[in-house]
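Please look over the protein chain shown here.

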Amino acid sequence: MSGRALSAWSLRRTLLTVLLGLTLSLWVGSAAIVYVEARRESQELFDQSLVETGHLLMSLVEKEVREHGLTGPVDLPMRGQPNPHHYLLFKVRDAQQRVLYRNDAASDIALSRSAPDGLSWTGIGGQRWRLYALWNQARTLQLLVAEPTSHRDDISRGFFCRIAVFGLLLVGLATIAIWWSIHRVFRVLQTSAQEVSARTPNELADVNLVGAPAELHPLLLEINRLFGRVRQSRDNEQRFTADAAHELRTPLAAIKTNLQVLQRARSGAERDEFIAALGASVERATRLVNQLLALAQLDPQAGAAVDLRAGDLADLLTEQAAQWRQWGRQHQLSLAVSMAPAPCALDADSLQILLRNLLENALRYTPAPGVVAISCGVEAGRSFVRVADSGPGIAEELHERVFERFVRLGGTQQPGSGLGLSIVRRIAERHGADIVLGTGLQGRGLAVTVIFP
């Protein structure tokens, strides 16, 4: 159903129909205007010729009358005209309306004696004629000249036929040109579509822009950007899967080894020792899996939106302070919590994960007896939360690398997944916050400050 609905509308047919319709409409309109104007101009030329013919005949007749004083009708034959009744008709009358001159075609046709001076229309034999009436200056002679409209109509029809033939030729050429142009454009679109359809999940190279029209470049560029994001997502997923498999191999091997040793335990004390080791391995695997799940959910490619609401970082610290102090006692560390109002837009659940990871890192890498401090407040107009410790710290050249997945600094003997700070960075990015690493407590250690917008 949807396929039929999509295929029912064709851009190619629409463009072809619109452009051809517009071309035909413009041609018809232009031809009509040209024909009307040409017909008007030809009518004026015919009328002017008829008037000039009348004046010429009048001057000739006046001369003949002065020289010969003719009193009877004189018929002038129209030599060389096969059908004189469809040519000029003229009569010359005196003041008493006696016919002095006429051509032989007008001998049996009555031209109106009461015709108005100048040009007018009259009917002869059921046809329309153009009539010109002229009196001499003394008003002793009247000339009537009539011309059939068939001459004018023949010329108009001939002109119309020539316009029609020429116009149809132009329309035909325009149709071919429009079809070729649209076909060329859509051939480029089809080529680009075939190039996109040829892509596979493992082959996502950019679409070639060479030869594509400029109007198509934004679409192809967006497709290339999409391919880039898909490539990045695929690479991240492959790297994440490989790293996760590598990191899970160690705790799973430890679990398998502890199970094998537990099966061969020779005493209850030995069995309890192996059970404790097995529990630690399970705990490490569980923590790693939870960290992996949290990181996958925070991945930018997941596209999950963060619902940030107005809140205060001090409220989050207050809720967790008691539990954090208990963790500090378990690690034989002194935990200090300093809270000041720190309003910002936040997502409470993800920020709790951020704080837990920062605190666990500080507790794990700070040797006892040591100090870990958690604080929040406002500095330079921006809210912040800071976790500082008195541990060994991190060399400045390694500050950026510690945020990468599964990266653990050499020389440490503490168990961990290498994902804690990666998760912290993802959560900070989703809040639009900045992370600053600095020197911790007592002139050593590490201080991690998250500054919110």
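The questions and answers below concern a predicted model.

Q: How many helices and how many strands does the protein chain have?
A: The protein chain has 453 residues, and 36% of them count as buried. Among contacts between residues at least 6 apart in sequence, 65% join residues at least 24 apart. The secondary structure of the chain comes to eight helices and 13 strands.

Q: Are helix 2 and helix 3 roughly parallel or antiparallel to each other?
A: Helix 2 covers residues 11–68 and helix 3 covers residues 150–197. Their axes lie 9 Å apart, and the packing angle is about 160°. Angles over 145 degrees count as roughly antiparallel. Helix 2 and helix 3 are therefore roughly antiparallel.

Q: Is Leu-11 buried, partly exposed or exposed?
A: Leu-11 lies in helix 2. Buried would need a relative accessible area under 20%, and exposed one over 50%. Because the value for Leu-11 is 40%, this residue is partly exposed.

Q: What is the handedness of the crossing of helix 6 and helix 7?
A: Helix 6 (residues 313–330) packs against helix 7 (residues 348–365) at an angle of about 35°, with 11 Å between the axes. Residues of helix 6 in this contact include Trp-324 and Trp-327, and those of helix 7 include Leu-355 and Leu-359. By class, the contact residues are 10 nonpolar, three polar and three charged. The crossing of helix 6 and helix 7 is right-handed.

Q: How many disulfides are there?
A: A disulfide needs two cysteine sulfur atoms within 2.5 Å. The count under this rule is zero.

Q: Which cysteine has the sulfur nearest to that of Cys-376?
A: Cys-376 takes part in no disulfide. Its nearest cysteine sulfur is 9.3 Å away, whereas a disulfide needs a pair within 2.5 Å. That nearest sulfur belongs to Cys-344.

Q: Is Cys-376 buried or exposed?
A: The cut-off for buried is a relative accessible area under 20%. Cys-161, at 45%, is partly exposed. Cys-376 has a relative accessible area of 4%, so this cysteine is buried.

Key. Residues are numbered from 1 along each chain as its sequence is written. This is a predicted model: local features need pLDDT of at least 70, side-chain atom pairs count only at pLDDT 80 or more; totals for chains, interfaces and linings use all residues. Side-chain values use heavy atoms; hydrogens and water are left out. Buried means under 20% relative accessible area, exposed over 50%, partly exposed in between (1.4 Å probe, protein chains only). Axes are lines fitted to C-alpha atoms, for helices over the stretch in contact, and angles run from 0 to 180 degrees between N-to-C directions. Helices (H or I, at least four residues) and strands (E, at least two) are DSSP runs, numbered from the N terminus. A crossing is left-handed if the near helix is turned anticlockwise from the far one by less than a right angle, and right-handed if clockwise. Contact means heavy atoms within 4.5 Å. Ala, Val, Leu, Ile, Met, Phe, Trp, Tyr, Cys and Pro count as nonpolar, Asp, Glu, Lys and Arg as charged, and the others, Gly among them, as polar. Angles under 35 degrees count as roughly parallel, over 145 as roughly antiparallel, 65 to 115 as roughly perpendicular and the rest as oblique.
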